Amino acid sequence: MMRPARAVPAPEELLKGLWRQNPVLVHALGLCPTLAVTNSVANAIVMGLATGFVLVASSGLISSAKRLIPNQIRISTYILIIATFVTVVEFIVQATVPDIAKALGPFVALIVVNCIILGRQEAFAGKQPVGRSLLDALGMSGGFMIALLLMGSIREVLGSGTFLGVPVFGSHFEPWVIMVLPPGGFFTLAFILLAITWSAQRRSRSDQKPPRAGEVNGHRVGSDAPAAVPSCHTARV
Amino acid sequence: MGDLAWIFFSAMVVNNFTLALFLGLCPFMGVSGRIETALRMGLANIFVLTLTSLSVWVLNRFVLETAPYLRLIAFIVVIASLVQIVEMVIKKVSPTLFRQLGIFLPLITTNCAILALAIFTTARGYGLVEGLVFAVGAGFGLALALVLMASIRVNMDLADVPGVARGLALVLVIAGSLSLAFMGFAGLLSSSG
């Protein structure tokens, strides 16, 4: 629907991460936190903010220091920088929202190994100017937040009958407890992905003569991973 | 002794890293296409988890006492370098073993299951033996989930799945069903604990 221009305009860097290249829903990155911490909306928001902070801060730092980072050891350097920011954010979360910090468990610390963050450094911040990297990081954080909120809302509303702790159904509603338990996470994400694939297929069929049914992105530039095999680091196997 | 058995089975089935705690999903989704690959990945996981457990014990015991805020950075750097060194050693000493496990070793270093094990071990204050038992249990749990998933996916190749559901969505539905099945083990915890 949105046709990318030849030279990508600045707003596009920000907007692409929100939906068209959504890190979770399109690229299937960062699945662990998406499934693990979305049993309530509050958890999802805190996780989204924490990850967003780390992503924006490390993108800013890495893109401004990219001349100083030797190419051979760039990945380890990125990980060290990310780990530093995660340590910071871990203390902030523990100090400001201790209850949620307990509910999130190890997943705040595990932002270090979230492939979205390392992926953006490798694919974007390590090569692009600071301003663009910050926009890109903000967009991707937004996209991650959207995915988390989507999952969190569905799971909390159906699983506990509440939204941010406020009851949304009458007292007659029997919560679908399974939705807040681990299997519910897998099922919710599966249905969201099904809905997205389905609507994309429909659109491409009515939009234009598609080259092949199921080909979602006829005019997109490279990088969009097909939904087939996700993976941060296992794709090469 | 009973305690150790409890730690082992708790980590392996009741709190299965993949199906109950959502850790290590990337290999779970990515390399579960064939049973043999899944099995090797599982073995490599058990190996790296055991190594991690050892290094975490050393770090916690001798280094991080004085600087707990460096925990995360120290874990990730030490684990990554250790795995890299071990990979080189295996390549030199036993090329056969390297062919079996080799390519998987660097990949799983950045797997969240590994770092989570380090964090859990620290948070629960496990000693050396408990930590090792926990790591092996968690490793077997990951391997079990991987092999189960691969076995189901191999059969799914023959099934007539609607085009829309192919790919990740199908894997997630299967994972959800497996996770449901594993919830049945929760009773094990309360009856023995």
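Which side chains meet in a salt bridge between B:Arg71 and chain A, and at what N to O distance?

1. The side chains are those of B:Arg71 and A:Glu90, with 3.0 Å from N to O. A salt bridge here is a side-chain nitrogen of Lys or Arg within 4 Å of a carboxyl oxygen of Asp or Glu. Between chain A and chain B the count is one salt bridge.

2. The model is predicted, so local features need pLDDT of at least 70 and side-chain atom pairs count only at pLDDT 80 or more, whereas totals for chains, interfaces and linings use all residues. Residues are numbered from 1 along each chain as its sequence is written, chains are lettered from A in the order in which they are written, and side-chain values use heavy atoms, with hydrogens and water left out.

3. Chain A and chain B each place 42 residues in the contact (heavy atoms within 4.5 Å). About 3700 Å² is buried between them, and carbon and sulfur atoms give 84% of that area; buried area is the accessible area (1.4 Å probe) that two parts lose on being put together, summed over both.

4. On the side of chain A that touches chain B, helix 2 (31–36), helix 4 (74–96) and helix 8 (182–207) of chain A are the elements that give two or more residues. The largest share, 11 residues, comes from helix 8 of chain A. Helices are DSSP runs (H or I, at least four residues), numbered from the N terminus. The residues on this side divide into 34 nonpolar, six polar and two charged; Ala, Val, Leu, Ile, Met, Phe, Trp, Tyr, Cys and Pro count as nonpolar, Asp, Glu, Lys and Arg as charged, and the others, Gly among them, as polar.

5. Zero disulfides are found over all chains (cysteine sulfur atoms within 2.5 Å). The sulfur of A:Cys32 has its closest cysteine sulfur in B:Cys112, and at 3.1 Å this is too far for a bond. A:Cys32 is buried, with a relative accessible area of 6% (buried means under 20% relative accessible area, 1.4 Å probe, protein chains only).

6. Over all chains, the structure holds nine salt bridges. One of them joins the side chains of A:Lys16 and A:Asp136 at 2.7 Å, N to O. A:Lys16 lies in helix 1 (residues 10–16) and A:Asp136 in helix 7 (residues 130–160) of chain A, so the pair ties together parts that are 120 residues apart in sequence. A:Asp136 is buried, at 2% relative accessible area.

7. A:Asp136 also forms a salt bridge with A:Arg120, the closest N and O atoms being 3.0 Å apart. Through shared partners, salt bridges join A:Glu13, A:Lys16, A:Arg120, A:Arg132 and A:Asp136 into one network.

Terms used. Buried means under 20% relative accessible area, exposed over 50%, partly exposed in between (1.4 Å probe, protein chains only).
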